[in-house]
Amino acid sequence: EMILAEETDSELREMAQMEILDSKEAILGIEDELKILLLPCEIFPELVYGDSDPLLTFKSSDNSVILAENGKLKIKSSGRVVLLATDERTGLTAEITLYVTSDTSLLKVKKIEGNSNYSPHCSYILYEDGRVYDLYNNKVQQEDVADFSVGRYRRYYNVLKTDGTVMYGSSFSSLSTKTGLSDIEKVFAGTNTYFAIDKNGVCYAWGNNHNNCSGTGFTGSISDPLKVNLTNVTEVYSSCSSNSFTYFLTADGNLYYAGGGNSQAMPMLVATDIKDVESKGAYYGICVLKEDGKWYWADYSGTVNSSAAYSYDTDGKHPGYTIENGIPYYYDSSTKRQISGIYNAVDIVERAHATYIICEDNTIWGYGNNSYRQLGGGSNLSDVSYTDAVIVPDFTYDRPSLSIERTNKSSL
C-alpha cells in the first residue's frame, strides 16, 4: 500500500492508485500483522532520490507501528495510527495518519438512509449482504434486506426483505408485515405513510395519509394498500414540514405532488422533463434534476423553483457536490472546495445532517454533524469539517486492512 501526499501531481497519483488497486501483498492476515510499503516519493514528492535508497525512519507515540525490512511497516493494532516519517539525509519530516479498519474486502454499500428532523438524527447503511447497520446504536438492525427507507421528518421505517415481504413501523424492533403486496422492488417511508413500487411501476400506499398525501384519492387512514393514481412510478419522496406532502416521479419524467396545505388528494403535475430526484437529507422539500443538467428545489407546497438551486453541479448526480477523477468536492455557495484526503470517490450522499463519500474500495468517509453518532463508532464526537473527513467504521471485525486518512507534508 502507498501513502499519497496531497501535493502529488495528478499523473503520479493515477499511477499510484493503479498500483494500490493491483497490490496483493499488503494484507498478510492478523497473525502475520499488517505490512505497508511506503514510497518515499509519495511522502516527499519535492525530493529527487536518484538511484540511492532513501533513509526513511518512522516513529509513533504508542509503539503501534514498527519499522520492518525493505521499507515496510508492521501495524500491531486496529484503529487510528499516527506516525512521523523522517528522511535521515535531509531532516524533512511528514506526519502520516493511517486508519486500520477491519475487513480486507469491505462490503459494497447499496444505500444510506437517515432522518433529519426529530432527534436523534440517525443514519443507516444497507450493505450488499442484506444487513442494515445503525450508526447511532452501533449495531446491525436488520438482515436479509433488499431495500429500505427511513422517513426524513420522523423515524418511520419501510423494509423490503429479500423474500419479498414488506415490513413497516416506527421502530426496527417492532415492524409489522404488510400483506396484499407482491413483486415489490422499491419501498419508501414518509411520515407514518408508506409506499411500495412493484416491478410494473404500480405504486401502493398505506398508513396515516395525513393531508391526503398518499396520492390515492382516498381521504382517510389507509389500512390495506391502495394504488396511487399514477402509472410507471419510479421514485417517491414523502415527508412533512407544516403539512405532510409527497412527490412522485414517473418514467416519462413527470413530477407529481399530493397532500400539503391544500390536502391535494389526487396527484397534481408540477414539473416535466425531470431526470432524477434527491432529497439531500432534507425533510421540507426535494431536489429535482431537469434535462438541462441542473438541480432545482421543489418545496413542501408543490412549487418547483424557476431558477436552478445547484447550477454548478458538474456531474449532474449529486446536488451541491461533484466528483472529478475520483476527487470529491462540495460547493460553498458557488465556490468549489475539495473534500480533503479522498482520491477514489464514486458517490456522495447527504443524510441526517452529515455527508457520506463512498469510495471505489467500498470505504465510507464522512463529515458534518456528529451529534448523534452519524459518523459511526458508537460514541458522540465533535462535528467534522470537510477538510478533516473521517472513515466511517465498518460493522464487521474479522481481518485488519488499511485505508488512508491523511498525509500532511511539513515545510523544509
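# A tour from Gln374 to the cores

Start at Gln374: its side chain reaches the backbone nitrogen of Tyr372 at 2.9 Å. Keep in mind that this is a predicted model.

**Stop 1: around Gln374.** Stay on Gln374 and show the backbone of Ser371. The Ser371 backbone nitrogen lies 3.3 Å from a polar atom of the Gln374 side chain. Gln374 sits in the loop between strand 31 (364–368) and strand 32 (390–391). Is Gln374 buried or exposed? Its relative accessible area is 0%. Buried means under 20%, so Gln374 is buried. Next, select what Gln374 touches beyond four places in sequence: His121, Ser123, Leu135, Ala352, Ala354, Tyr356 and Asn369.

**Stop 2: charges over rings.** Select Arg373 and Tyr136. The charged end of Arg373 sits over the Tyr136 ring, 4.2 Å from its centre. Then select Arg154 and Tyr118. Here Arg154 lies over the face of Tyr118, 3.9 Å from the ring centre.

**Stop 3: aromatic residues.** How many aromatic pairs does the structure hold? There are 19. For one of them, select Phe245 and Tyr257. Their ring centres are 6.4 Å apart and their planes meet at 20 degrees, so the pair is stacked. This pair links distant parts of the chain: Phe245 belongs to strand 20 (residues 244–250) and Tyr257 to strand 21 (residues 255–259), 12 residues apart. Phe245 is buried, at 0% relative accessibility. Tyr257 is buried too, at 3%.

**Stop 4: the largest nonpolar core.** Select Ile125, Ile339, Ile342, Tyr356, Ile357 and Tyr367. These residues have the most contacts inside the largest nonpolar core, which has 30 residues. Tyr356 is also one of the residues that Gln374 touches. Which strands each supply at least two residues of this core? Colour strand 7 (109–114), strand 8 (123–127), strand 26 (321–324), strand 29 (345–351), strand 30 (354–359), strand 31 and strand 32. Strand 30 gives the largest share, 5 residues.

Now centre on Ile342. Beyond four places in sequence, Ile342 contacts Gly326, Ile327, Pro328, Ile357, Cys359, Trp365 and Ala389.

**Stop 5: a second core.** Finish with Tyr247, Ile286, Val288 and Tyr296. They are among the 14 residues of a second, separate core. As a general pattern, nonpolar side chains in soluble globular proteins tend to be buried together.

Key
Residues numbered from 1 in each chain as written. Predicted model: local features only at pLDDT ≥ 70, side-chain atom pairs only at ≥ 80, totals over all residues. Heavy atoms only, no water. Helix = DSSP H or I, 4+ residues; strand = E, 2+ residues; numbered from the N terminus. Buried < 20%, exposed > 50% of the residue type's maximum accessible area, 1.4 Å probe, protein only. Polar contact = N/O pair within 3.5 Å; in protein donor to acceptor, adjacent residues only side chain to side chain. Contact = heavy atoms within 4.5 Å. Phe/Tyr/Trp six-rings, centres within 6.5 Å; stacked < 30°, edge-to-face > 60°. Lys NZ or Arg CZ within 6 Å of the ring centre and 35° of its normal. Core = buried A, V, L, I, M, F, W, Y, C linked by side-chain atoms within 4.5 Å.
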